[in-house]
Every structure is written in structure tokens, then in C-alpha cells.
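Hello,

Here is the structure for you to look over.

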Amino acid sequence: IVIAMQIGMSFIAAYRMCAGEAAVADLSFAAKHAGVVQMASLLPARRARGPNEPGGIKFGLFADIVQANRKYPNDPAKAALEVVGAGTMLFDQIWLGSYMSGGVGFTQYATAAYTDNILDEFTYYGMDYIKDKYKVDWKNPSESDKVKPTQDVVNDMATEVTLNAMEQYEQFPTMMEDHFGGSQRAGVIAAASGLTTAIATGNSNAGLNGWYLSMLLHKDGWSRLGFFGYDLQDQCGSANSLSMEPDRGLMGELRGPNYTNYAMKI
């Protein structure tokens, strides 16, 4: 009984719950029997195992579930970082890392997105950059100052953020030790590049291509992105993000992590 109470209290503390064992029971039931919460669309046949899987939750819906925009209306960077942290947990660690692959190390690189403030630092550098160069008042989001999402704009923003991040890793060895795997560094640098580009343009596909460009720049500068085959999906990602096949051609908000070679593309 004591152990059960301790577990219940840990749930209440971790999830900021305002009730006792009854609420814990509901949470545990929903987690164990995820099928009762019908919120995911059917995945493409090559990845589908059932009608309601984590990989079928659309990115736009997932961002609404997190509700970070409501809590941080004047800080889209913070709001986006909250979604990234939750997304790496659900999509990469639970869905890809465990459910789809049986646990092959996704946890190790996904946690880099939410276990310290390194990604935050890189992202806010990008916010300063788009404010200084493109006059984007990112603290007061508005359609009026969004930058037209051209290839030149994607190239400029993603390159600036990527090179700054790589320089920081090289300047501070403890950062390299913290993100000790190439996969971690690749994911964090690309996430900051993608967030910067998406927030400046208001275009999720521009952000996605900023992510993929960052991967190419990273590979060009440091020769590799991660271990063994990890390089593959990020080197061919630019082509996938612009493909018009049904499950890849949708705008980011209307699709989930269900397109070819997805790997932490939140």
C-alpha cells in the first residue's frame, strides 16, 4: 500500500495533478490503453499497425494539445521549444524509438532537445538574428512582418544559426561532452535552424527545409552527422520535404511524423 501511495504521489507531482488516486487511475488507463483516445489518423500502409497510433497525430494537432502558444503568446520561440520537447518524447522516444524499432537508441539523442538550455540558446540566437536583419518583431507575432519564404531566406537563416551553433560546440568543450553524440548535436542544431526559419517566415515547410539544410551544412563542416546510417535520412530530407506524394506533400501542420525517413523533424 505504501509503495502504491508513493507511486500515486509521484504521478501527482510530475503531472501537476490536482486530484488523488482516481485521477492517477484515469491517467494510467489512458496510457496503457491508448486506443481509447482516438486522436490519430491512419498512417500509410507501410508503417501502419493499427488505426490509432502516436505516429498518426498531426503536428498541428499536437502543438494545440501542448498549448504552449496559449501560455507564451509573446514568445513563439519558447512555445515552439515546448512542443519540440514534447514531440521528441512522443514521436521519437515512444513511437519510433520503442514502438516501431524496439528500442535502438532514439532516447539518447532525443533527450538532448529538452534536458538543458543549449537548444534554447541556439534558438534565441536565431531570434536575435531575424530581428536585427529582417526586422521581425518575434515577441509580438504578426503577419505584417513575416519574411517571404524564399530559398535565399532559408539558406541565410539556417546557415547563420548552424554556423553559430557549430562554433559554440567548438569553443566550449563541455558542450561537446554534454551532447556527446553526433546525432544529438545534429538534432539540436537543426532544430534551432528550423525554428528560426519557421518563426521568421510563418511557413512550416520553410522551417523544415531550414532543418535539412542545417544537416547538410553540418555534414559538410564536420564530415558526419551521427552513427552509421543516421546520416541517410537527413541528407535526403530536402527532397522528401518537397515531394508531392500524399503522405509527404502536406504542409507540416497537417501531417505527422509519417513521411519517409522522418527522424525528429518536429
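**Aromatic pairs**

The count of aromatic pairs comes to six. Keep in mind that this is a predicted model.

Start with F62 and F91. Their rings form a tilted pair, 5.0 Å centre to centre, with 55 degrees between the planes. F62 sits in helix α3 (residues 59–66) and F91 in helix α5, so the pair ties together parts 29 residues apart in sequence. Both partners are buried: F62 has a relative accessible area of 6%, and F91 has 0%. Ring pairs also bring in F59, giving a cluster of F59, F62 and F91.

Next, Y124 and W138. The ring centres of Y124 and W138 are 5.7 Å apart and the planes lie at 55 degrees, so this pair is tilted. Y124 belongs to helix α7, while W138 is in the loop between α7 and α8 (151–171), 14 residues apart. W138 counts as buried, at 7% relative accessibility. Y124 is partly exposed, at 24% relative accessible area; the cut-off for buried is under 20%.

**Helices α5 and α7**

F91 is in α5 and Y124 in α7. How do these two helices pack? Helix α5 (residues 76–100) and helix α7 (residues 118–134) pack at about 145 degrees, axes 10 Å apart. The crossing of α5 past α7 is right-handed.

From α5, the contact uses A77, K78, L81 and V84. They meet L119, D120, T123, Y124 and M127 of α7. By type, the contact residues are six nonpolar, one polar and two charged.

Best wishes

Methods:
Residues numbered from 1 in each chain as written. Predicted model: local features only at pLDDT ≥ 70, side-chain atom pairs only at ≥ 80, totals over all residues. Heavy atoms only, no water. Axes fitted to C-alpha atoms, helices over the stretch in contact; angles between N-to-C directions. Helix = DSSP H or I, 4+ residues; strand = E, 2+ residues; numbered from the N terminus. Left-handed = near helix turned anticlockwise from the far one by under 90°. Contact = heavy atoms within 4.5 Å. Nonpolar A, V, L, I, M, F, W, Y, C, P; charged D, E, K, R; others polar. Phe/Tyr/Trp six-rings, centres within 6.5 Å; stacked < 30°, edge-to-face > 60°. Buried < 20%, exposed > 50% of the residue type's maximum accessible area, 1.4 Å probe, protein only.
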